[in-house]
Every structure is written in structure tokens, then in C-alpha cells.
Amino acid sequence: MNWNIEIGKQISLVIPIIVMVLMAVKFRKIGKENFFFIIGYTVLSLIDIFCYFYFSSTHRSTDIFYVIGFLMIAFFLYLLYYYQLLHWPVLKKIQSVLLVLFVINIGVMFYIEDDLLHHFSFNMLYVDILLLIFSIILFLYQTFNSDKVLEITNYLPFWISVALLILFIGSIPILYFRTKVSQPIYFFILFMLNLISNTILMLGLIWNKQDNQK
């Protein structure tokens with residue numbers, strides 16, 4: 001397969017910049033309820049950009065930035081985002097448990113894995129993804145059983161959820177079999193998942209008609 005990994009990485013850096021610019025343009029209509037997602041997305045995007053240039057210039061490991069910024073900060077902000085979106089008391093309690101499990105997972109990984117901060121933990125990533133997917137399921141259950149379903153195409157949190165589901169559910173198989181596929185195929189699939197996810201996110205930002213609220 002003829003896939004230029006380097007060009008793919010560079011395009012993958014440009015796409016989030018476009019999304020962040022669109023977020024800035026649409027800021028007044030995005031709504032305060034999406035604040036934690038925006039911060040989490042921005043943190044992750046800036047880490048990607050920083051790590052790309054940092055590794056290119058120093059050839060040093062960037063694992064510590066991804067462990068702290070991605071596995072800990074970004075995922076926590078995403079989980080907090082869904083905690084804020086959930087209004088049904090029982091769902092909010094379940095999401096509180098997920099947040100506690102997230103913190104416990106960090107502690108467990110520090111205990112069972114050697115030098116976690118300097119070694120990207122895929123085990124930790126899998127648990128984070130499962131917690132996030134479950135959070136999205138809770139949110140979608142609430143959404144499809146409320147009046148929001150009548151304006152679903154204009155409801156940004158729905159499109160954010162679809163984008164995250166495609167990205168992370170699609171990532172699990174290729175991440176799990178990462179040592180069994182060639183690098184071009186591995187990075188091409190991740191590139192396509194990133195492209196599809198961000199395209200859905202951009203469409204959601206464009207279609208969103210929410211007024212700033214809450």
C-alpha cells in the first residue's frame with residue numbers, strides 16, 4: 001500500500017486547526033454546555049501539534065505528553081462533558097461512578113505498569129475508551145427519550161457523540177492489532193478515522209443552531 005505516513009500526519013495536524021478555527025467562529029452559538037469538550041479537544045489537538053514538532057526536532061519520546069494530556073486530561077474533560085450534559089438523576093449518578101472509575105484506573109495503572117509517564121499505556125487507553133463509550137450511550141439514551149430528538153440535526157452534542165464513537169470504536173481493532181499490520185495500513189486507518197470524525201464534527205458545528213445557554 002502506497003501511503004505516505006508523513007504527509008498523512010501533517011494533514012492530520014491541519015484538520016484540527018480548521019475545526020478549532022470553526023469553533024472560534026461559531027463560539028457564540030456553540031453553547032456553554034459544550035465548554036468541556038472544546039477544552040478537551042483543544043488540549044488534545046495542541047498536544048498532537050506540539051509532539052509532532054518536538055519529536056521532529058529532538059527525536060525524543062513524547063509518551064509523557066500523551067499519557068498526561070491525552071489519557072488523563074483530555075479523557076477526564078470528555079467524561080466531565082457528559083456528566084454536565086446528563087440531567088436525569090439516575091444517569092448523572094452512573095456518570096459520577098464512571099468518573100470515579102476513571103480516577104481509580106489511573107491509580108491502578110500507576111501501580112501495575114512500570115514507568116507509566118514515560119510509556120504510553122494501551123491498557124489505560126482501552127479502559128478510557130470504554131468509559132467514554134458508556135458515557136456516550138447514557139447521553140444518547142437520554143437524548144432519544146427527550147424532546148431533543150426532534151431537533152437532533154441542530155443539536156451539537158449529538159454530532160460530537162457520533163464523531164467520538166466513530167473515532168474510538170473504530171480505533172479499538174486497529175490499535176489492538178497494531179503489531180500485526182504494516183505501518184502504512186495502521187496509519188492510513190487512523191488517518192481515515194480522524195478525517196471522518198472531524199468531518200462529522202465540522203458538519204455539526206455548521207448545522208448547530210443552539211443559542212448560548214446554561
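**Close-up views of a predicted model**

View 1. With a relative accessibility of 45%, Phe-35 counts as partly exposed, a class that lies between the 20% limit for buried and the 50% limit for exposed. The model shown here and in the other views is predicted. Phe-35 belongs to helix H3, which spans residues 35-58.

**View 2. Packing of helix H3 against helix H4.** H3 (residues 35-58) and H4 (residues 63-85) pack with their axes 8 Å apart, at an angle of about 165°. The two helices are therefore roughly antiparallel, as the angle is over 145 degrees. The crossing of H3 past H4 is left-handed. On the H3 side the contact includes Phe-36, Phe-37, Ile-39, Gly-40, Tyr-41, Val-43 and Leu-44, and on the H4 side it includes Phe-65, Tyr-66, Gly-69, Phe-70, Ile-73 and Ala-74. Further along, Ile-47, Asp-48, Phe-50, Cys-51 and Tyr-54 of H3 also take part, as do Leu-77, Tyr-78, Leu-80, Tyr-81 and Gln-84 of H4. By class, this contact has 19 nonpolar, three polar and one charged residues.

**View 3. The loop between H3 and H4 at His-59.** His-59 lies in the loop that joins H3 and H4. Its phi is positive, about 60°, although the residue is not a glycine. Most residues other than glycine have a negative phi. His-59 is exposed, at a relative accessible area of 60%.

**View 4. Packing of helix H1 against helix H3.** The axes of H1 and H3 come within 10 Å and cross at roughly 150°. H1 passes H3 in a left-handed crossing. From H1, the contact is made by Glu-6, Lys-9, Gln-10, Leu-13, Pro-16, Ile-17, Val-19, Met-20 and Met-23. Their counterparts in H3 are Phe-37, Ile-38, Tyr-41, Thr-42, Ser-45, Asp-48, Ile-49 and Tyr-52. Sorted by class, the residues of this contact are 11 nonpolar, three polar and three charged.

View 5. Beyond four places away in sequence, Leu-201 touches Val-19, Met-23, Phe-37, Tyr-41, Ile-160 and Ala-163.

**View 6. Gln-142 in helix H6.** Gln-142 is part of helix H6. Its relative accessible area is 5%, so the residue is buried. Leaving aside residues up to four places away in sequence, Gln-142 touches Leu-85, Leu-86, His-87, Trp-88 and Leu-91.

**View 7. The loop between H5 and H6 at Asp-115.** Asp-115 lies in the loop between H5 and H6. Phi of Asp-115 is near 50°, a positive value in a residue other than glycine. With a relative accessible area of 51%, Asp-115 is exposed, as the limit for this class is over 50%.

Notes: Residues numbered from 1 in each chain as written. Predicted model: local features only at pLDDT ≥ 70, side-chain atom pairs only at ≥ 80, totals over all residues. Heavy atoms only, no water. Axes fitted to C-alpha atoms, helices over the stretch in contact; angles between N-to-C directions. Helix = DSSP H or I, 4+ residues; strand = E, 2+ residues; numbered from the N terminus. Parallel < 35°, antiparallel > 145°, perpendicular 65-115°, else oblique. Left-handed = near helix turned anticlockwise from the far one by under 90°. Contact = heavy atoms within 4.5 Å. Nonpolar A, V, L, I, M, F, W, Y, C, P; charged D, E, K, R; others polar. Buried < 20%, exposed > 50% of the residue type's maximum accessible area, 1.4 Å probe, protein only.
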